[in-house]
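Thank you for making time this morning. I would like to walk you through one structure, and I ask that you keep the picture in view while I talk.

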Amino acid sequence: MSKKRVYTFGNGEAEGKADMKLLLGGKGANLAEMNLIGVPVPPGFTITTEVCNEYYEVGQDKVVELLKPEVEAAVAKIEGLMNAQFGSIENPLLLSVRSGAPASMPGMMDTILNLGLNDEVVEGLIRKTGNARFAWDSYRRFVQMYGDVVLGMKPTSKEEIDPFEALIDELKEERGVEQDTDLTVEDLKVLVARFKKAVKEQTGKDFPTDSYEQLWGAVMAVFRSWMNERAILYRKMEGIPAEWGTAVNVQAMVFGNMGETSATGVCFSRDSATGENLFNGEYLINAQGEDVVAGIRTPREITKIGSQRWAERANVSEEERVREMPSLEEAMPEIYKELHRLQLKLEEHYRDMQDMEFTVQEGKLWFLQTRSGKRTGQAMVKIAMDLLKEGKIDEKTAIKRIEPNKLDELLHPVFDKKALAKATVITRGLPASPGAATGQIVFFAEDADRLHNEGGQRVILVRLETSPEDLAGMQVAEGILTARGGMTSHAAVVARGMGKCCVSGAGALQIDYKARTLTVDGKVYREGDFISLNGTTGEVYEGMVDTKAAEMDADFSALMELANKYSRLKVRANADTGHDAAVAYSFGAEGIGLCRTEHMFFEGEKIVAMRRMILSDSTEGRKEALAKILPFQKEDFKNIFREMHGHPVTVRLLDPPLHEFVPHDAKGQEEMAKDMGLDVEVIRHRVSSLMEHNPMLGHRGCRLGNTYPEITEMQTRAIISAALELKREGVMSEPEIMVPLTGIVYEFKEQENVIRATAEAVFEEYGDRIDYKVGTMIEIPRAALTADKIAASAEFFSFGTNDLTQMTFGYSRDDIASFLPIYLEKKILKVDPFQVLDQNGVGQLVKMATEKGRAKRPELKCGICGEHGGEPSSVKFCHKVGLNYVSCSPFRVPIARVAAAQAAIEEA
Ligand code: PEP
Ligand code: MG
């Protein structure tokens with residue numbers, strides 16, 4: 001028997017089925033499957049992916065010869081089912097041609113519709129539909145699509161314009177009209193003639209009039225598109241093998257605009273916004289598919305209940321509703337019954353909410369497409385948990401149905417969709433911290449603080465970049481917008497910790513602090529003007545855009561419990577205050593993976609003592625200042641330990657460069673001088689001596705503790721005594737003291753000695769002991785490379801993948817915004833490595849260091865506390881390399897928990 005190259009489907013029969021994706025492509029297999037379960041789809045056939053490979057082996061002519069008998073038989077089958085003939089003038093059958101690879105490859109090749117039209121057939125179509133405008137418009141679209149895609153007239157660069165579009169513009173100018181829809185039938189005829197002339201001029205050949213010639217041309221173009229640049233690049237990025245090839249789907253065209261017994265619509269088996277189990281959708285009588293989405297005519301509700309809800313909102317009487325906006329349920333009851341039955345069947349079959357397109361052609365219902373419906377975060381959770389309760393999916397499937405990042409929508413305020421549709425985007429930055437915010441522009445943290453606390457105003461803090469001094473202002477702002485800085489810049493990290501919306505690195509912003517203005521593309525915004533931020537997409541909007549508060553419900557809690565049941569990886573949080581720790585605990589954090597102690601030094605009196613410490617020039621002076629800080633630190637730790645209810649808390653010793661703490665403005669320096677009884681010149685000199693050319697690689701991390709051991713001593717004392725005092729109250733805690741930025745084992749050992757000696761002294765003083773651990777961050781490549789040596793001393797590792805990414809790539813975390821957009825556009829980088837862990841480079845250091853460390857110390861606890869700890873693909877990687885936990889900002893804990901469960905399920 002000769003090889004089968006064509007698989008037909010139609011009228012409830014199909015030669016293929018769902019599990020034949022490799023041979024028929026995703027779309028072809030799905031079309032076959034829909035037929036088999038009794039869903040009416042326009043009949044057609046699929047040419048297999050194997051033929052695509054043959055095309056590249058034996059060439060076009062030979063492939064046509066091989067395909068001819070099967071394709072002609074398949075077309076005849078469609079003709080029989082549709083009662084129309086391909087190429088006929090009296091009763092024409094038109095076809096659509098689409099590509100369909102085994103894996104979805106969006107935008108690989110455009111669809112060709114209305115294939116089979118020519119100057120005579122178009123007249124036949126007019127007689128059949130009674131609609132000259134539709135027929136000529138279909139024809140002009142067909143010539144354009146065919147010219148662009150099959151005859152290769154589509155421009156290859158963005159700078160050139162499509163020759164057909166140019167002709168449309170030219171004609172519109174001649175006619176003095178604005179819209180395509182303003183062109184008359186006569187105009188459309190002129191266009192088709194001009195299009196065909198352009199084809200002749202550019203390709204040297206006449207536009208094909210023979211229906212089969214058109215069909216072969218389209219089929220071969222699909223095969224050709226498999227090797228176009230876009231497709232090759234996409235496959236490379238997604239790891240899709242070239243040998244898979246693409247299938248070609250050819251189907252009968254059906255029309256919803258053949259009169260009052262025809263219609264077209266889209267529908268959903270459940271509500272895609274709320275998740276409510278309610279069939280819904282929109283339709284139009286005597287219309288084409290695009291009309292429903294294009295908004296030229298107002299579509300009507302499919303169900304009666306939907307229509308009634310609409311009437312309620314629009315304040316329309318029942319009488320008027322029935323007259324003006326009858327539902328499909330009322331207008332075409334038989335069709336509706338059939339549609340309802342089939343949507344139930346499709347959801348039952350695919351076990352997920354379906355988004356379906358249908359057309360009614362002269363009283364006959366056709367499904368054009370079904371797919372899993374896009375949905376909001378809220379709907380995603382509700383639908384997954386409802387399907388689980390209904391027994392349609394199992395627990396693991398319910399977890400797999402969750403897109404972890406989408407949970408953000410449930411945790412942060414979001415924009416009201418209607419308000420957003422009307423808003424104007426003024427610029428874009430990095431999506432540094434999710435959520436939506438709207439408020440008045442302020443440029444200084446003190447102003448934010450004042451306006452919020454005194455005037456109750458909602459403000460957006462706009463800065464070139466933020467520093468720890470801005471913390472109080474950031475705290476009260478609705479959102480934060482910066483012109484510089486990447487995803488791990490100060491603004492981004494702090495905002496995520498606070499669960500506050502932030503857009504960072506919006507390079508197009510010109511900020512003038514003196515004039516208190518913000519300029520974008522020549523447009524000036526002043527202090528007090530309203531702007532809005534979308535921290536999930538990085539968009540900045542003009543004016544006020546209404547927001548909707550976050551909502552969490554019983555389904556969300558049930559999902560979280562389910563996630564815990566399946567995950568191996570623990571999820572901790574990065575939190576620096578009792579408040580943040582409490583939020584993290586409420587989201588299910590099982591410990592603190594990183595407490596950045598420096599954030600504690602900026603509140604109230606602490607900053608003064610801290611500045612004294614930094615600006616004094618003797619050990620004695622520093623010790624004196626540190627003694628003032630000690631009680632505050634101890635209280636802070638007690639708060640955090642208490643909120644974590646006995647779960648481990650990793651406290652990191654002081655890490656950032658000291659200049660971040662000292663006053664850089666004249667007023668602040670004068671105050672310091674007065675406070676310390678020194679001349680302001682001395683202070684100014686000391687401040688400037690702290691400036692470094694490359695502070696990220698300068699005097700920071702354990703280099704501080706090693707040069708000023710008294711800082712480590714004070715911090716250890718605060719941690720240990722906090723735990724001991726809580727123990728007296730009956731509250732248990734599990735502190736883990738962490739040395740930052742270790743590169744050489746001796747750096748760690750020196751610090752470990754100070755920590756252990758101090759702890760012993762404190763135990764002695766209190767006459768009691770507690771368990772504690774001493775470990776280190778692994779955030780310098782050298783530490784990863786020598787992890788075995790470090791593990792001989794350190795009891796735990798925490799991968800600081802922010803710094804590790806910075807130092808492995810050599811990209812400054814604060815300056816990446818200047819070149820990242822270009823790198824992404826040129827596809828030098830696929831994603832921002834500060835957001836998504838670079839598994840092939842930085843990830844290999846994590847893996848190697850874990851293995852080396854555990855070879856030396858099998859019980860070595862390993863976690864990650866860089867920003868990647870809350871990013872789903874990075875969490876899955878951490879699971880694979882066997883880390884014990886990930887730690888992320890409190891608001892990302894639920895996301896990490898679901899990702900951790902998915903990792904475990906995928907592994908099994
Ligand atoms: C890191 O470097 O990944 C880290 C968590 O520390 P920080 O961001 O505070 O430098
Ligand atoms: Mg770090």
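When I say that residues meet, or are in contact, I mean that they have heavy atoms within 4.5 Å of each other. Please also keep in mind that what you are looking at is a predicted model.

G578, A581, A582 and Y585, which belong to helix 23, meet N639, I640 and E643 of helix 25. Helix 23 covers residues 578-586 and helix 25 covers residues 619-643, and the two pack with their axes 8 Å apart, at an angle of about 10°. Since angles under 35 degrees count as roughly parallel, helix 23 and helix 25 are therefore described as roughly parallel to each other.

Let me turn to charged side chains, where the structure holds 67 salt bridges. One of them joins E15 and K4, at 3.0 Å from N to O. E15 sits in the loop between strand 2 and helix 1, while K4 is in the segment before strand 1, so this pair ties together parts that are 11 residues apart in sequence. E15 is partly exposed, at a relative accessible area of 36%, and K4 is likewise partly exposed, at 29%.

How far apart in sequence are the parts that R270 and E347 tie together? The closest N and O atoms of this salt bridge are 2.7 Å apart, and because R270 lies in the loop between strand 9 and strand 10 whereas E347 lies in helix 14, the parts they tie together are 77 residues apart in sequence. R270 is buried, with a relative accessible area of 0%, and E347 is buried as well, with 6%.

There is also a network of salt bridges, in which E598, R652, D655, R700, D803 and R813 are linked.

Conventions. Residues numbered from 1 in each chain as written. Chains lettered and ligands numbered in written order. Predicted model: local features only at pLDDT ≥ 70, side-chain atom pairs only at ≥ 80, totals over all residues. Heavy atoms only, no water. Axes fitted to C-alpha atoms, helices over the stretch in contact; angles between N-to-C directions. Helix = DSSP H or I, 4+ residues; strand = E, 2+ residues; numbered from the N terminus. Parallel < 35°, antiparallel > 145°, perpendicular 65-115°, else oblique. Salt bridge = Lys/Arg side-chain N within 4 Å of Asp/Glu carboxyl O. Buried < 20%, exposed > 50% of the residue type's maximum accessible area, 1.4 Å probe, protein only.
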